[in-house]
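Q: I have a structure open and would like to go through some of its local geometry. Can we take it piece by piece?

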Amino acid sequence: MADSPRKRLIVIGAGFAGLNLVKGLRGLPLDIILVDKHNYHCFQPLLYQVATAGLSPADIAYPIRRVFRDQKNVRVVLGEVERIDLANKTVSGGEASVSYDYLAICVGVTHSYFGNEKWQPMAPGLKSIDDATEIRRKVLLAFEAAELEQDEASRRAKLTFVVVGGGPTGVEMAGALREIAAVDIQRDFRNIDTTTSRIMLLQGGDRLLPSMDPKLSARALKDLQDMGVEVRLNCRVTGVDETGVWVGDEQLPADNIIWAAGVQAPAMLRTLGVPTDRSGRIVVGPDLSIPGHPEVFVLGDAGAITDAKTNQPVPGLAPAAMQMGKFAAKVLRAELSGQSADVKARPGFSYHDKGTMATIGKRRAVADIKGWHITGLVAWLMWSVVHVMFLISFRTKLFVMAGWVYDYIMNNREARLITGKFRLHVVKPRGGATETTLLQTRGTSEQAAV
């Protein structure tokens, strides 16, 4: 990067916090470098809809360069930061090293298997579009393999889906999986009855959606059970392997496991050498900067952040990350314009809680809006409108809303695509002569020929 007399801000991550920070600095005499390992911004709250074939990846993602094509003080860099040197004020990735005057770390979090990383290949999590498309492939291939399977135990395992974690992601995944099996694809197969699929939701605590009011947790539990989802509370996973999930000494045979039980900060944050919490998130001050380094902000899920007014932890939600980005932008704008040069006089961040929502299935959702507890169809409509509003472009808003209306009427998830190479493991194939057969194809047309 060429030297410039202007100060330089490096923003790591183009999530909700990063995007709102950079947008808030439009027009300032500041060189902004926005670094992300993807060339798109992903609307993470709808990842589960990609994973369950309700939406396509392009419906919830938007090119970062397109967002900032008219903001002249921004340069977008496709890359991944591996190290941060606070003493020398540099960030590095590969062989490249770039200095900064200000730094904003907006990298989010990743999956946590609580020290059991070996479980990850069998139980993928859901934090990126790559995760979502891989889970979609896994789910759809399970039905295809079951269609060819004559061995009863193997077929049952292929039609068993276990979701670990009863937070919003787990609840939404379990409900969507049940709808796929019971409604959307019921008439598409000839040899299996997809309505007999077993959807299990395992929660380590004593209720679902622990961040919500207990009454809403109870309603979510009832809705899921009414749909046919098996919910187990106070249930801790002790093992995961190729055959299924272990809960204590009990084995749950399942070919399909989805992890939604915990998060942890990315390993890159450990290179800073500053205090972190148990999840590896950086402990920041009231102004969202690292104590002793007022030039370095940590925004969004990467920071262990306490509300300056309530003294309560700020939740890892998209609205909170957006508010943090806007807050940091105001702080920097005031300092760079000369309105407030004293970093000790910076205000503290306070989260304005507009409420929380979780969808359970079609016409089923729960919402906690400023103490108002809303459920059922009204909550589902509110959830739909709010999520469409937060999408970046008009095109994605239009396509997502149209897709939801179409799916609501037709019960048809049209994003059911299996792409690339894959394998179907069938113990006793229909019409086959061997006991164990691996079928490899490149697409659904060849698969049908098998």
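Predicted model: local features only at pLDDT ≥ 70, side-chain atom pairs only at ≥ 80, totals over all residues.

Q: How many residues does α7 have, and how far does it reach?
A: Helix α7 covers residues 214-227, which makes 14 residues. From its first C-alpha to its last it reaches 20 Å, close to the 20 Å expected at 1.5 Å a residue.

Q: Which of its residues are buried?
A: In α7 the buried ones are L216, S217, A220, D223, L224 and M227. Seen down the axis of α7, the buried residues fall within an arc of 125°, so they line one face of the helix.

Q: What covers the buried residues of α7?
A: The cover includes helix α6 (168-184) and the strands β12 (198-202), β13 (230-232), β23 (356-361), β24 (364-369) and β25 (372-375).

Q: And what does the face turned away from the buried side carry?
A: That face of α7 carries the exposed residues P214 and K215.

Q: What does D213 do at the start of α7?
A: A side-chain oxygen of D213 reaches to within 2.8 Å of the backbone nitrogen of K215.

Q: Where does A218 lie?
A: A218 lies in helix α7.

Q: How far apart are A218 and R207?
A: They are eleven residues apart in sequence, and their C-alpha atoms are 7.4 Å apart in space.

Q: Back to two of the covering strands. How do β24 and β25 run, and how many bridges join them?
A: β24 and β25 run antiparallel, joined by four bridges. D368 stands opposite H373 in β25.

Q: What do β24 and β25 form, and which residue in the turn has a positive phi?
A: The two strands form a hairpin with two residues between them, and K370 in the turn has a positive phi of about 50°.

Q: Changing topic: what is the strand order in the open sheet of three strands?
A: The order is β6-β7-β8, with antiparallel pairing. The edge strands are β6 (83-85) and β8 (96-99), each pairing on one side only. The twist averages 20° from one strand to the next.

Q: How many bridges join β6 to β7?
A: Three bridges join β6 to β7 (residues 90-93), and the two strands run antiparallel. The bridge partner of I84 in β7 is V91.

Q: Next, G239. Is it buried or exposed?
A: G239 is buried, with a relative accessible area of 11%, and lies in strand β14 (residues 239-241).

Q: What does G239 touch?
A: Not counting residues up to four places away in sequence, G239 touches W119, G244, V245 and W246.

Q: And how far is G239 from T310?
A: Their C-alpha atoms are separated by 39 Å, and the two residues are 71 residues apart along the chain.

Q: Last one: what should helix α4 span, and how far apart are its end C-alpha atoms?
A: At 1.5 Å a residue, the 20 residues of α4 (residues 129-148) should span 28 Å, and the end C-alpha atoms are 29 Å apart, which agrees.

Q: Which residues of α4 are buried?
A: Among them are I129, A132, I135, R136, V139, F143 and E147.

Technical notes: Residues numbered from 1 in each chain as written. Heavy atoms only, no water. Expected span 1.5 Å × (residues − 1). Buried < 20%, exposed > 50% of the residue type's maximum accessible area, 1.4 Å probe, protein only. Arc of directions from axis to C-beta. Contact = heavy atoms within 4.5 Å. Polar contact = N/O pair within 3.5 Å; in protein donor to acceptor, adjacent residues only side chain to side chain. Pairing = 2+ DSSP bridges. Axes fitted to C-alpha atoms, helices over the stretch in contact; angles between N-to-C directions.
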